[in-house]
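Here are a few friendly notes to read alongside the coordinates.

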Amino acid sequence: MSDMTDTGGPVLAADGTPLKRSLRKALRRQKMRALLLIAPLLIFVLVSFIMPIGDMLYRSVENKIVSQTLPRSTQALSSWDADSGELPSEAVFAAMAADLKEAAEQKIHTRVGSRLNYENPGMSSVFRTSGRKAKKFDLENGGPWKEQLIEINEDWADTDVWRTIKTYSPPVTAGYFLNAVDMRVGPDGAEMRPERERIYMNLLKRTLWMSLLITFSCIVLAYPVAWLLANLPTRKANLLMILVLLPFWTSLLVRTSAWKILLQQQGVINDVLVWIGLVDDNARLIIINNQFGTIVAMTHILLPFMILPMYSVMQTIPPSYVRAAKSLGATDWTAFWRVYFPQTIPGIGAGSILVFILAIGYYITPALVGGTKGTFISNQIAFHISTSLNWGLASALGAILLAVVLVLYWAYDKIVGIDNVKLG
Amino acid sequence: MAKLPPYATTGQRIWHYTFLVICGLIFFFLIAPIAVVVPLSFNAENFFTFTPEMLRLDPDGYSLKHYRDFFSNPDWQNAMWNSIKIAPVATVVSVSLGTLAAIGLSQPHVPARRAIMAILISPMIVPLIISAAGMYFFYSKINLAGTYWGVVLAHAALGIPFVIITVTATLVGFDRSLTRAAANMGADPVTTFFRVQMPLILPGVISGALFAFITSFDEVVVVIFVGSAKQQTLPWQMFTGLREQISPTILAVATLLVGVSIILLTVVELLRRRSERLRGMSPG
């Protein structure tokens, strides 16, 4: 303790350790405690959420099925030159026969067939018909396999079939991603698909375009309401706020079903239009199962997400600025446009990014009121997961969508800060 | 905008009232779709529009038959009970873990705070269809797909961002000298937490819990993929109902759900006003 009074030497804490070290220790302990509190949740989110996302990303490039089901043939094919124009040697055919026999015995030959069918339509039937016969192959003295296989299915004489198998034999592939951007592996590397087969890029463009339209209509509708709420006395504003918060809290399905019912041809909106004579009874408007339906319903659903951030920004703008502008001779419009509006831009930005992020991932509402023309990329992902079972393609489309969202999320974090998200 | 100054010109008056009308129309757009569902659910016919009897306010035009159908139909009842079984458990998981983590995150020195925060908020930002796809693939691998706990786990993950956001917001206004005072007087950390900190941040925790509850209760995309027919929840049943044979029972369910959201909204608003009053931010 006597050291403490010395002018030289380090300052010591009560227990005799140098103060610096003691403070550092305390800080470290504080950090550890904070991390320990966070750890359970972090592990939970990593396991239940981040790992699934990682699994999906892995699936978008994973391609073990070909080399695992056809191990001998893929190895034998590695020495074959796909551009030679000649069929592979008898050894490759023999390897294929052995692989097919084994795969057919395990009943997995159709799976590799449908995998390769995504890349080259027709492969599925090649494997199905050959697999059926393959069970009876006598590998020891059944040859020559080239003639045998071609007899079973003449497509085995097509170099394209072999090229597809060779192209997709590595354990990872960019095939799903190429497919997701409407490209495919042709003889000279990646190429665009023919015009009529290009689906996904158009769908992505449509998703982005419709989300932009929805964001824009949300801005237009939210701005006056947010302004009114921010400038009314608290009591009245709180009352009107209920009209914004009730839709916000109401189930998505309830709101979507409400729109489905309202927009039907025999629905309330058409009934009212017929009743006031704007529309003839025989010419009822078709406002559902198209893009219009999706945009109206989604604007309604996402509007509170725009109003709330705008409102919280507008609340902080002192009214004296506009008054000062007016007293300096500005007209109402100039005072609004040059003084008030620039101050509300952070609110518009926050709301727009939020609405846009939410909009491009929507699935339920477009599926119910969008028909075929008003669906989003999410609907195509869902289709590939549950109906076409092309999980690789679904994952690749999901990865692209995720990339778009993460870029926006990053921008949102930079502009607004995720800590500043407000709810209700 | 509350009142027009007495010196306003005619043009300003006209604009003022036009503006109010525009705002009125937007409020109408916000609330009308929800409001329309309620009377339609008492329709005596199987129509989705107002019958002439209903417009004449004839009592014969109204009935409770869609509600009776909801409470007697085994499919709907099953769905309702599934929702009731899943949402509260998911809420408990996300609130207990989320509150602890929020307290950790609000400590003054947290390494990699931004990154951790970004990860914890991400379930709210990632499109549901992507979460659903990933969870479906991954949970199938670990045999959780199609089970009750799989759905609970997935829903808990989706509710966590809401708990984190609301609880950290409450903790911003929390006076840390109170916990120090408690420790000073000999309370151990657990006692300090339950006797001092918890009562003060409880409003934030409850609103977080309500958000997490409604997230799970309304969720449909993830449960469709992760769950099996045994876990069919109310929103899922509504989704299939709207897709296939649309029956007016959906309107009765929708009305009941609107009731639930009104209750939740009221509780959250009361809590918010209480905490604002405590902090002296709002007159009342």
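1. A word on naming to begin with: helices are DSSP runs of H or I with at least four residues, numbered from the N terminus. On that count, Leu57(B) sits in the loop between helix H2 (52-55) and helix H3 (65-72) of chain B. Please keep in mind throughout that this is a predicted model.

2. Staying with Leu57(B), have a look at its backbone: phi is near 60°, a positive value in a residue other than glycine. Most residues other than glycine have a negative phi. Is Leu57(B) buried or exposed? Leu57(B) has 8 other C-beta atoms within 10 Å, so it counts as exposed, the cut-off being 12 or fewer.

3. Lys107(A) counts as exposed because it has 10 C-beta neighbours inside 10 Å.

4. On to the overall form of chain A, which holds 19 helices and two strands. Its radius of gyration is 32 Å, whereas a compact globule of 424 residues would have one near 22 Å. Along the principal axes, the C-alpha atoms of chain A fill a box of roughly 100 × 100 × 35 Å. Of the 424 residues in chain A, 39% count as buried. Among the contacts in chain A with a separation of 6 or more, 67% join residues 24 or more positions apart.

5. One helix pair in chain A deserves a look. How do helix H1 (residues 19-59) and helix H19 (residues 391-415) of chain A cross? Their axes come within 7 Å and cross at roughly 115°, which means that H1(A) is roughly perpendicular to H19(A). The crossing of H1(A) and H19(A) is left-handed. H1(A) contributes Met56(A), Leu57(A) and Arg59(A) to the contact, while H19(A) brings Trp391(A), Gly392(A), Ser395(A), Gly398(A) and Ala399(A). By class, this contact of H1(A) with H19(A) has four nonpolar, three polar and one charged residues.

6. Last, the contact between the chains. How many residues does each chain put in? Chain B gives 81 residues and chain A gives 79 residues. On the side of chain B that touches chain A, helix H1 (residues 10-40) of chain B gives the most, with 14 residues. The residues on that side of chain B divide into 66 nonpolar, twelve polar and three charged.

Note on methods
Residues are numbered from 1 along each chain as its sequence is written. Chains are lettered from A and ligands numbered from 1 in the order in which they are written. This is a predicted model: local features need pLDDT of at least 70, side-chain atom pairs count only at pLDDT 80 or more; totals for chains, interfaces and linings use all residues. Two residues are in contact if their C-beta atoms, placed from the backbone, lie within 7 Å. Ala, Val, Leu, Ile, Met, Phe, Trp, Tyr, Cys and Pro count as nonpolar, Asp, Glu, Lys and Arg as charged, and the others, Gly among them, as polar. Axes are lines fitted to C-alpha atoms, for helices over the stretch in contact, and angles run from 0 to 180 degrees between N-to-C directions. Angles under 35 degrees count as roughly parallel, over 145 as roughly antiparallel, 65 to 115 as roughly perpendicular and the rest as oblique. A crossing is left-handed if the near helix is turned anticlockwise from the far one by less than a right angle, and right-handed if clockwise. The radius of gyration is taken over C-alpha atoms; the globule rule is 2.2 Å times the number of residues to the power 0.38. A residue is buried if 20 or more other C-beta atoms lie within 10 Å of its own, exposed if 12 or fewer, and partly exposed in between; C-beta atoms are placed from the backbone.
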